[in-house]
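Look through the structure below before reading on. The paragraphs after it lead from one residue to its surroundings.

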Amino acid sequence: MQNDSYKHKGMRRALVNLLREKGIRDPRVLAAIEAVPRHFFFEKAFVEQAYQDKAFPIGEGQTISQPYTVAFQTELLNLKPTDKVLEIGTGSGYQCSVLLQLTPHVYTIEYNRALYEKALMFFRKYGLKPHTFHGDGSQGLPKYAPYDKIIVTAGAPGVPKALVQQLNVGGCLVIPVGSESSQKMLRITRVEPDEFTKEEFTNFKFVPLLGKSGWDSEN
């Protein structure tokens, strides 16, 4: 188990100050970023990179998201402590760990078996208790629906119908949609059983969402 030293905590405070300067305003989100030791998700040789505002490779063609991206998506969710949230794309487990600071009711699904097993080991090692699944996240997790919030941490070619149908009325889906090289962040809110609103935010670049409603898994 890695150590979380005063140096690491100081680096996190500096990162939080940077995110605040970049426009992240929700104090709960900033506190969640400050609470999660991001260096736990890195090999010890790369600890200095952990608190830079950059994405970083984690193997299997995937990355641990840039802290600003994690904070931006989390802020758009506007999570309450009672919210039930579904995360599509567990990856390293970092975004999930941030979500757990805001609500204990986190369901997370990962397409890649090796990353799923690695994240599961991480959660157990550090005593975190999300509901963790391996499978096609582009189809959501209908067995446990509906959800108050859904977050997608990979770029999608469109908004998967399965995901919006798993939202509670009043709930929202935060998802990057576009080409494989650039996506626009969207927030889809279910205002009535058959009525949705869409808000568009800035552009990002995510790894591709794989699965039936994502990009071909061979790409």
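Isoleucine 24 touches Leu19, Val29, Leu30, Tyr68, Ala71, Phe72 and Glu75, leaving aside residues up to four places away in sequence; contact here means heavy atoms within 4.5 Å. This is a predicted model, in which local features need pLDDT of at least 70 and side-chain atom pairs count only at 80 or more, while totals for chains, interfaces and linings use all residues. Residues are numbered from 1 along each chain as its sequence is written, and side-chain values use heavy atoms, without hydrogens and water.

The largest nonpolar core has 44 residues, and Leu19, Ile24, Ile33, Phe41, Leu77 and Tyr94 touch the most other members. Such a core is a set of buried Ala, Val, Leu, Ile, Met, Phe, Trp, Tyr and Cys residues joined through side-chain atoms within 4.5 Å, where buried means under 20% relative accessible area (1.4 Å probe, protein chains only). In soluble globular proteins, nonpolar side chains tend to be buried together.

The axes of α1 and α2 come within 9 Å and cross at roughly 150°; axes are lines fitted to C-alpha atoms over the stretch in contact, with angles from 0 to 180 degrees between N-to-C directions. Therefore α1 is roughly antiparallel to α2, a term for angles over 145 degrees. Among the residues making the contact are Leu15 and Leu19 of α1 and Leu30 and Ile33 of α2.

Elsewhere, threonine 103 is buried, with a relative accessible area of 1%.

How values were computed: Buried < 20%, exposed > 50% of the residue type's maximum accessible area, 1.4 Å probe, protein only. Helix = DSSP H or I, 4+ residues; strand = E, 2+ residues; numbered from the N terminus. Parallel < 35°, antiparallel > 145°, perpendicular 65-115°, else oblique.
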